[in-house]
Amino acid sequence: MTSSADLASLYQLLATRGTPTLPSGERRAILGCGYVGEAVAQAWKQQGHELWGTTTRPERLTELANLVNNPLIFDSTDSRCSLSFTQDLDGILVSFAPSKTSHVDLHQYQQTFLQGVEQLLQALQQRPVSTPLQLVYLSSCGVYGNRQGAVTAEDDPTDTDHPINAILVRAEEMISSLRSEHVNVCILRLGGIYGPGRDIPAMLLGAAGGLIQRNGLNVPCWIHRDDIVSGVDFAFKQGLSDTFNLVNDTQFNGQELTDRLCEQSGLPLARWLTTDTGDRVLNARVSNAKLKRLGFRWSHRCLVG
Ligand SMILES: NC(=O)c1ccc[n+]([C@@H]2O[C@H](COP(=O)([O-])OP(=O)(O)OC[C@H]3O[C@@H](n4cnc5c(N)ncnc54)[C@H](OP(=O)(O)O)[C@@H]3O)[C@@H](O)[C@H]2O)c1
């Protein structure tokens, strides 16, 4: 018979070990292992999936090898790259975005999103139609454009006047064409991403006492990287095949946001412009009610307290 002292020491021993993970047997790819893609890879690795992950840069392959079983180069602008490895996978996360440059380059957006998605569509054409696939595509709430701060749900009109938004909407339409009885396509429209290394509150506080050269009456939206990782996981677990806004509850305009942050920190307020500057604008109180109704819960509900 086992004594309670034996059990206590067994529990103590188990408490020092990480939770064991069993191989799920799933084969999943992350197209674009950047800020978000890497975090998803980390979570999926913990869950025991066999992973493929892409980068455009050969010098990142060694680093990626610590996260995924099969690190690969994929650059949608390079016709020598192929996504044929996606043909017999169980799941794909599309999380590529144009590399950061000081200005927004329309051609780069076209090449990354439209050519990238086109290459994926071509690769998946070779797949047996009845093989199940879960696909999650990371899009942006930027597609709503300027809705004068109106409450905005997934079925509300998107903006196709701004050429960047037109590209993003077109990419969503292209990826949606894959949806079928056997292929789930979940589009997650993200707010501005923050998290480790992207400390948006600290950046905004950096403007305390100064003038921000953007229209502070516009309402942006936000999402913490942890909640994107959970949202992607939720989409996989629930087998989602629809479009969802993945944003937190913060619906302040820019001026209100910095006012709160500065007041909480005892710093002088930052001032914003009150007219648009010609930059691409998101001005919408983006609703997350559709995901909430399905039972999704956020770990970071608000950008500011
Ligand atoms: N940042 C935001 O606030 C925001 C807001 C809304 C939606 N989103 C969406 O969220 C997703 C993840 O964003 P993120 O912040 O993780 O992006 P990120 O850190 O910039 O990572 C982008 C990834 O895409 C790869 N990439 C760049 N150009 C490519 C090309 N031409 N072909 C193929 N891959 C290419 C990059 O390769 P390297 O590894 O070589 O860099 C990197 O792995 C993206 O789909 C983005 O559109 C972002």
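The buried residues of α2 (35–46) pack against β1 (27–31), β2 (50–55), β4 (91–94), β5, β8 and α7 (225–238). Contact here requires C-beta atoms, placed from the backbone, within 7 Å. Helices (H or I, at least four residues) and strands (E, at least two) are DSSP runs, numbered from the N terminus. The model is predicted: local features need pLDDT of at least 70, side-chain atom pairs count only at pLDDT 80 or more, and totals for chains, interfaces and linings use all residues. Residues are numbered from 1 along each chain as its sequence is written.

In α2, the buried residues are Val36, Gly37, Glu38, Ala39, Val40, Ala41 and Trp44. A buried residue has 20 or more other C-beta atoms within 10 Å of its own, with C-beta atoms placed from the backbone. Gly48 follows α2 and has a positive phi, near 90°.

The ligand is surrounded by 27 residues, the closest being Gly32, Gly34, Tyr35, Thr55 and Thr56. Such residues have a C-beta atom, placed from the backbone, within 6 Å of the molecule. Two or more residues of this shell come from each of α2, α4 (106–125), β5 (133–140) and β8 (192–194).

An open sheet of 7 strands runs in the order β3-β2-β1-β4-β5-β7-β11, with parallel pairing. Strands pair if DSSP finds at least two bridges between them. β3 (70–73) and β11 (243–246) are the edge strands; each has a single partner, so one side of each lacks a neighbour in the sheet. β5 and β7 (residues 183–190) pair in the parallel sense over 8 bridges. Leu188 in β7 is the bridge partner of Leu138.

Terms used. Buried ≥ 20, exposed ≤ 12 C-beta atoms within 10 Å, placed from the backbone. Contact = placed C-beta atoms within 7 Å.
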